[in-house]
Amino acid sequence: MLNFHYDIGTEIYFGKGQLSALPGAIQKVGVQKVLLVYGGNSIRRSGLYDQVKDLLAQARIQVEELGGVEPNPRVTSVNRGAQLCREKGLQAVLAVGGGSAIDCAKAIAAAVYYDGDAWDLVLQKAPVTQALPIFSVVTLAATGSEMDRTAVISNLETNDKLPLKYDVMRPTASILDPTYTYTVPRNQTAAGTADIFSHLVEGYFAREEAYLQDRMSEALMKTCVHFGPIALAKPEDYEARANLMWTASLAINELLAYGKGTAWSVHSMEHQLSAYYDITHGVGLAILTPAWMRHVLQESTLPKFVEYGVNVFGVDPALPQEEIAQRAIQATETFLFDSLGLPRTLRAVGIGEEHLEEMAQKAATPALYENAFVSLGAEDVLAIYRACL
């Protein structure tokens, strides 16, 4: 197990009615002016928008708004939000929504202190040393952005989707009320569950061994497999929604990654798909994951796939190891494509061969080769893309 420093630093208010804690959490850090960041009209239709505005008004917290944040948040939205914060003297950023709104809020909070284009921060042309306090009210169990330090931002001009990752971007406090996910559309619930599952897979299949973290990951993967279909069949099943929401946070708050390293191989490949085609992130991850598994399955990785098959999907440990591994990958496909009902192929989401080579070159970063569970070059990535067509 590798060395690590553990400091989450995010307060979590979990459960029904926890929205009432929001004003106090904001006031605790001396904030009286916030930027409210959200996506479309779903929070208005659900009544959450009015609830948040009323609570803040009662606490005499002034609010400016940035609505319409895109599903893959754009750097243009980040720049608008940062400029609004500077012009209005805003002291914090509050995201209400899913991972896209939260990622946008994080990037805004950092970009406030930079006079240039926020894309410079993403490209690490300028350092991020400070950020406004960030708060979130979560409405979708998926990215876990409410408890981590990363924002993923898109630039349509360059067809890039890249992470911005700094400790100062970790939210100060997040409200996790599972009832806010009751009205999430079926396809978003499925894609969100796949996103959570992928985060767990990425950390689980790593070069370093960490027995405890892997057993925890297996429990969380089993939670996705169990409760994902239940949430689809019974959208207002509180236990299903609650378990998925907490799993989303634990999957990526770095608790499971401490002591291990990961190159986020499938995420690197998927970021190209959503950068070029603006598809739903969880859908792209679902399509790519089984193909990536088949590509990296070899003699040296076989034991890990056996662990995965036996401990997550209950494959008979008495079977030959190669058969266990193949059954594990088949079970992954059954979960993603049959139980969750997600698309199986790239063509099903409108992606053909036209940009595959270009995307493969961009996805094949040094980290993907040097730090991955199995080293992947551009030819490997291209083969995985083609296997998904």
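Analyst: Buried means a relative accessible area under 20%, exposed means over 50%, and partly exposed lies in between (1.4 Å probe, protein chains only). This is a predicted model, in which local features need pLDDT of at least 70 and side-chain atom pairs count only at pLDDT 80 or more, while totals for chains, interfaces and linings use all residues. Residues are numbered from 1 along each chain as its sequence is written, and side-chain values use heavy atoms, with hydrogens and water left out.

User: Why is His267 called buried?

Analyst: The relative accessibility of His267 is 7%, so His267 counts as buried. His267 belongs to helix H10, residues 265-277; helices (H or I, at least four residues) and strands (E, at least two) are DSSP runs, numbered from the N terminus.

User: Which residues is His267 in contact with, leaving aside its neighbours within four places in sequence?

Analyst: They are Asp195, Ser198, His199, Glu202, His281 and Leu285, where contact means heavy atoms within 4.5 Å.

User: How many aromatic pairs does the structure hold, and what makes the pair of Tyr204 and Phe205 edge-to-face?

Analyst: There are 11 aromatic pairs. Rings of Phe, Tyr and Trp (its six-membered ring) pair if their centres lie within 6.5 Å; planes under 30 degrees apart count as stacked, over 60 as edge-to-face and the rest as tilted. For Tyr204 and Phe205 the centres are 5.1 Å apart and the planes stand at 80°, so this pair is edge-to-face. Tyr308 and Phe313 also form an edge-to-face pair, with 5.5 Å centre to centre and 85° between the planes. Tyr308 has a relative accessible area of 0% and is therefore buried. Tyr204, Phe205, Tyr308 and Phe313 are among the members of one aromatic cluster, together with Trp292, Phe305 and Phe373.

User: How do you know that the charged end of Lys16 sits over the ring of Tyr238?

Analyst: A charge sits over a ring if NZ of Lys or CZ of Arg is within 6 Å of the ring centre and within 35 degrees of the ring normal. The charged end of Lys16 is 4.6 Å from the centre of the Tyr238 ring. Arg44 lies over the face of Tyr49, at 4.0 Å from the ring centre.

User: What makes strands E6 and E7 a pair?

Analyst: Two strands pair if DSSP finds at least two bridges between them. E6 and E7 (residues 160-165) have 6 bridges, in the antiparallel sense, and Asn155 stands opposite Asp160 in E7.
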